[in-house]
Amino acid sequence: MAEIHVMEHPLIQHKISYIRREDVGTKEFREVIGEIAGLMCYEATRDLKLKDIKIKTPIAETWGKELTGKKLAVVPILRAGLGMVDGMLSLIPTAKVGHIGLYRDPETFKPVEYYCKLPADCEEREVFVVDPMLATGGSSTAAIHMLKEKGVKHIRFMCIIAAPEGVKKMQEEHPDVDLYIGALDERLNEHAYIVPGLGDAGDRIFGTK
C-alpha cells in the first residue's frame, strides 16, 4: 500500500492556515500557494538517491553528493495545479513539466480528458502529479490512470488540502502512488467542497470567483 505523508512542518501549517482565510486576495493567495508547493516539494524529495562525486573547491579537492537515479517531472492538473508549478521548479529547475486537462461531464459527473501533453521521456522520470485540492479524487485518479496508460510507472501525488473521501479513492485505485498532503481536512459537504477547506482553489489563484 502506498504511503500517506501529511506535512507537519510548522511553516507549511502556518501558510495553509493563512490562505484558508476568505479575506486573502488573489495576489497573496497565488504567491503563498507557490511557497507551500516549494516547501512540500522539499519534504517530498527527501528520499531521492544520491551518489558520491569528486569536486574541486577553490581550496582543495573533496567528495560531495549529487542526485542520481531518475530525473523528475511535474504534471499539474489544469487549471488549479498550475499554481504549484513555479514553487516546485524553484527547487528542481531541471524538472520537465507536463499538463493534464480534465473536466467533469455534467450528466455522468465523470472526468473527461480535454488536454494531455507530457515530456517525451516521461515514462523514464519520477513524476509528481500536483493539484491543490484532493476532494472526491475523481480528477486525480483519472489523471494518474492517463499517465499509467502512457507508460509512466513512478508517480507521486501532491496536494495542499485533502478530504478523507479523496484519499480513500486514491488508495483504492492507485495503491502504488504515494500521497503528499499539506493538510487532511474533515470531510466533503453536499456540494463536494472540502470542509473546512479554502473554497475553489482555481478561482482564488486566478481571480475568477
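How many nonpolar, polar and charged residues are there, by class, in the lining of the second largest pocket? Its lining has 6 nonpolar, 3 polar and 6 charged residues, where Ala, Val, Leu, Ile, Met, Phe, Trp, Tyr, Cys and Pro count as nonpolar, Asp, Glu, Lys and Arg as charged, and the others, Gly among them, as polar.

Before we go on, a word on the model. This is a predicted model, in which local features need pLDDT of at least 70 and side-chain atom pairs count only at pLDDT 80 or more, while totals for chains, interfaces and linings use all residues. Residues are numbered from 1 along each chain as its sequence is written, and side-chain values use heavy atoms, with hydrogens and water left out.

**Pockets**

A pocket here is an open set of points on a 1 Å grid over the protein atoms alone, where a 1.4 Å probe fits, with protein on both sides within 12 Å along at least five of seven lines; lining residues have an atom within 4 Å of a point. Grid points are joined across faces, edges and corners, and a volume is the space filled by probe spheres set on the points.

| Pocket | Volume | Lining | Nearest the centre |
|---|---|---|---|
| Largest pocket | about 820 Å³ | 29 residues | Arg104, Asp131, Ala135, Ser139 and Asp200 |
| Second largest pocket | about 410 Å³ | 15 residues | Thr68, Gly69, Lys70, Lys71 and Leu72 |

The lining of the largest pocket divides into 15 nonpolar, 8 polar and 6 charged residues. Elements giving two or more residues to that lining include strand E4 (72–78), strand E6 (99–104), H4 and helix H6 (201–206). Helices (H or I, at least four residues) and strands (E, at least two) are DSSP runs, numbered from the N terminus.

**Helix pairs**

Let's turn to H4, which also packs against another helix. The axes of helix H4 (residues 138–149) and helix H5 (residues 164–173) come within 9 Å and cross at roughly 25°; axes are lines fitted to C-alpha atoms, for helices over the stretch in contact, and angles run from 0 to 180 degrees between N-to-C directions. H4 and H5 are therefore roughly parallel to each other, a term for angles under 35 degrees, with those over 145 counting as roughly antiparallel. Their crossing is right-handed, meaning that the near helix is turned clockwise from the far one by less than a right angle. In this pair, Gly138, Ser140, Thr141, Ile144 and His145 of H4 meet Lys169, Met170 and Glu173 of H5, contact being heavy atoms within 4.5 Å. By class, 2 nonpolar, 4 polar and 2 charged residues make up that contact.

Helix H1 (residues 10–20) and helix H2 (residues 26–44) pack at about 155°, with axes 10 Å apart. That makes H1 roughly antiparallel to H2. H1 passes H2 in a left-handed crossing, the anticlockwise case. Among the residues that meet are Leu11, Ile12 and Ile16 in H1 and Phe29, Val32 and Leu39 in H2. The contact of H1 with H2 divides into 11 nonpolar, no polar and 4 charged residues.

**Backbone details**

Most residues other than glycine have a negative phi, and most peptide bonds are trans. The bond from Leu78 to Arg79, however, is cis, with omega near 0°, and Arg79 lies in the loop between E4 and helix H3 (85–89). Another cis peptide bond joins Val195 and Pro196; Pro196 sits in the loop between strand E13 (194–195) and H6. Ala192 has a positive phi, near 65°, and is found in the loop between strand E12 (187–188) and E13.

Notes: Parallel < 35°, antiparallel > 145°, perpendicular 65-115°, else oblique.
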